[in-house]
Amino acid sequence: MIRVIAIRCGFVAALALSVLILFSTSAVSFGAPRTPQAADSSKTWVAPDPATIPAGPLGDSIRLGIQVFNETPKYAERYVGNKLSCTHCHIDGGTVSKGMPMVGLPGIFPMYRDREKSVITFEERIQQCFQRSETGHRLPNDGPEMTGLVAYAQWLSKDQVTGRPFPGRGLVELPELNGDAAKGSEIYTEQCAVCHGADGAGKLPVAPALWGPNSYSDGAGMNQIAKMAAFVQHNMPQNQPDSLTPQEAYDVATYIHSKPHTVFVMKDHM
Ligand code: HEC
Ligand code: HEC
């Protein structure tokens, strides 16, 4: 949580890169025990204290869910095709407003989705990220990995009001702009390559891949320029989020979009 509070509030200028890298390699960085709050403001929300994870099989399932979320290629190996973990996109274990949080999601599914033109369950939404964002495969809905992920999201949401979306859910949209890939290339070299590599292949455990075989597929939400721009604007550069203008976020997203991504063919991901 130190990282959430320090970085997301923007007091990071003084923090050395090495410190950031240290935090970035840790799993969900829960801080000292605090009182969980029902969130009406995402800024004051703190993740539940890990001490509230129950003992016994349910607690074991939640803990497995945390492991799957933070180290997906290791703990859900059979269902993942690249080197991305959920937490690489769903920031800090899915606990950060505007960083696609998991908080509150179990209480708002099933929901209607335009892409599928049907009502889908929470599990089905997770399957889609396995197929498209993890370039992997569907996993059994009643298997330990899926059950753990749902149990974890449920535990994160235990003080939320059912049916009410968490503030800063999903990607907070930016105005629609046209990105310039050439300008994006300069921004990338100056502000992103230090962590993600000039070749976009990432430098784990410092930072994940942005293109190439170890990144998301071209069927993933992150492959849409507007979505990536919104993600980047609020979450990147990791050591200085909210520092790019919306136009710069579009430029760099357009540049990354122009790079090769695994081609998504649904039948290969069932
Ligand atoms: C490459 C980045 C990426 C990775 C990796 C990824 N996701 Fe996602 N996920 C997204 C994007 C983008 C969205 C769409 C958010 C939006 O449109 O608001 C999303 C949406 C979701 C949603 C729906 C969120 C909502 O507010 O409705 C769930 C649930 C989800 N992902 C779970 C997971 C899980 C679990 C994993 C790991 C197995 C995972 N995702 C891995 C990028 C990713
Ligand atoms: C200080 C290191 C650092 C810098 C600089 C940085 N990132 Fe990241 N980036 C990360 C880390 C670490 C993650 C994984 C999520 C997290 O822990 O914050 C990440 C995740 C991402 C993701 C989602 C995961 C994926 O692989 O697709 C995107 C997209 C991204 N960064 C884009 C950028 C862009 C664009 C810039 C430059 C404007 C940038 N990053 C600068 C460290 C960095």
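Predicted model: local features only at pLDDT ≥ 70, side-chain atom pairs only at ≥ 80, totals over all residues.
**View 1. The shell of residues around ligand 2.** A backbone N or O atom of alanine 209 lies 2.6 Å from an oxygen atom of ligand 2, while a polar side-chain atom of glutamine 238 is found 3.4 Å from an oxygen atom of the ligand. A polar side-chain atom of histidine 196, in turn, lies 2.8 Å from a nitrogen atom of ligand 2.

**View 2. The iron site of ligand 2.** The iron atom of ligand 2 has His196, through NE2, and Met236, through SD, as its protein donors, which lie 2.0 to 2.3 Å from it. The site has six donor atoms with angles of 88 to 179° among them, and its geometry is octahedral. The pair links distant parts of the chain, since histidine 196 belongs to helix H10 (residues 193-196) and methionine 236 to the loop between helix H11 (225-235) and helix H12 (246-257), 40 residues apart. Both histidine 196 and methionine 236 are buried.

**View 3. The iron site of ligand 1.** Here the iron atom of ligand 1 is coordinated by His90 through NE2 and by Cys129 through SG, at 2.0 to 2.3 Å. The site of this iron atom is octahedral, with angles of 88 to 179° among its six donor atoms. Histidine 90 sits in the loop between helix H5 (86-89) and helix H6 (91-94) and cysteine 129 in helix H7 (residues 122-133), so the pair ties together parts that are 39 residues apart in sequence. Histidine 90 is buried, because its relative accessible area of 14% falls under 20%, whereas cysteine 129, at 24% relative accessibility, counts as partly exposed.

**View 4. Asparagine 235 and its contact with lysine 98.** Asparagine 235 has its place in helix H11, and with a relative accessible area of 0% this residue is buried. The side chain of asparagine 235 reaches the backbone oxygen of lysine 98 at 3.0 Å.

Definitions and conventions: Residues numbered from 1 in each chain as written. Chains lettered and ligands numbered in written order. Heavy atoms only, no water. Donors = N, O, S within 2.8 Å, 3.2 Å for Na, K, Ca; no water. Tetrahedral: all angles 85-135°; square planar, octahedral: opposite > 155°, others 65-115°. Helix = DSSP H or I, 4+ residues; strand = E, 2+ residues; numbered from the N terminus. Buried < 20%, exposed > 50% of the residue type's maximum accessible area, 1.4 Å probe, protein only. Polar contact = N/O pair within 3.5 Å; in protein donor to acceptor, adjacent residues only side chain to side chain.
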